[in-house]
Amino acid sequence: MIKFWWTVFRSSKFMNRLANEIGVDRSIYKTALTEVGVNFALYEGMYQQSADSKQATLRNLALLSCEPAVAGAAVLQAKFPEQDGIREFVRQILRYAQSGSETLQS
């Protein structure tokens, strides 16, 4: 039981790192991903098993999380239409995803 909670805590902390990389509010980010059923432990596992540099892997995982984060934000927006923070969250995610796609094309 302790191992389960440790994994949950560790995975949540890792998702904070991805939110920081993107530059968005951690709680909205994790809630949006939870709304669409993202398993945080899978992202952390990919990070731990990657042979690439840790910074490059972190950036790639942050980019990978952008699409489900926007989908989850749409669910949140439908539930809480008056929350301006969700709209700003989506704008920042899209800016980050755009900058990442430009970097990949270079």
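1. Let us start with one residue. Apart from its neighbours within four places in sequence, Leu-63 is in contact with Tyr-96, Ala-97 and Gly-100, where contact means heavy atoms within 4.5 Å. Leu-63 sits in helix H4. Leu-63 counts as buried because its relative accessibility is 18%; buried means under 20% relative accessible area, exposed over 50%, and partly exposed in between (1.4 Å probe, protein chains only).

2. A word on what you are looking at. This is a predicted model, in which local features need pLDDT of at least 70 and side-chain atom pairs count only at pLDDT 80 or more, while totals for chains, interfaces and linings use all residues. Residues are numbered from 1 along each chain as its sequence is written, and side-chain values use heavy atoms, with hydrogens and water left out.

3. Now the overall plan. Helices (H or I, at least four residues) and strands (E, at least two) are DSSP runs, numbered from the N terminus. Among contacts with a separation of 6 or more, 66% join residues 24 or more positions apart. Of the 106 residues, 34% count as buried.

4. Which residues have the most contacts inside the largest nonpolar core? They are Phe-14, Met-15, Leu-18, Ile-22, Tyr-29, Phe-89 and Ile-93, in a core of 26 residues. Two or more core residues come from each of H1 (2–22), H2 (26–35), H3 (40–49), H4 (54–79) and H5 (84–105), and H4 gives the largest share, eight residues. A nonpolar core is a set of buried Ala, Val, Leu, Ile, Met, Phe, Trp, Tyr and Cys residues joined through side-chain atoms within 4.5 Å. In soluble globular proteins, nonpolar side chains tend to be buried together.

5. Leaving aside neighbours within four places in sequence, Ile-93 is in contact with Ile-22, Val-24, Tyr-29, Cys-66, Ala-69 and Val-70. Tyr-29 is also one of the buried residues of H2, along with Ile-28, Lys-30, Ala-32 and Leu-33. After H2 comes Gly-37, with a positive phi near 80°.

6. On to the charged pairs. There are five salt bridges, each a side-chain nitrogen of Lys or Arg within 4 Å of a carboxyl oxygen of Asp or Glu. One of them joins Glu-35 and Lys-79, with the closest N and O atoms 3.1 Å apart. This pair links distant parts of the chain, as Glu-35 is in H2 and Lys-79 is in H4, 44 residues apart. Glu-35 is partly exposed because its relative accessibility is 31%, and Lys-79 is partly exposed at 49%.

7. What about pairs inside one helix? Asp-84 and Arg-87 meet in a salt bridge with an N to O distance of 2.2 Å. They are three residues apart in H5, so about one helical turn separates them. Asp-84 is exposed at 51% relative accessibility, whereas Arg-87 is partly exposed at 34%. Arg-91 and Glu-88 form another salt bridge, at 3.2 Å, N to O. Glu-88, Arg-91 and Arg-95 are linked in a network of salt bridges.
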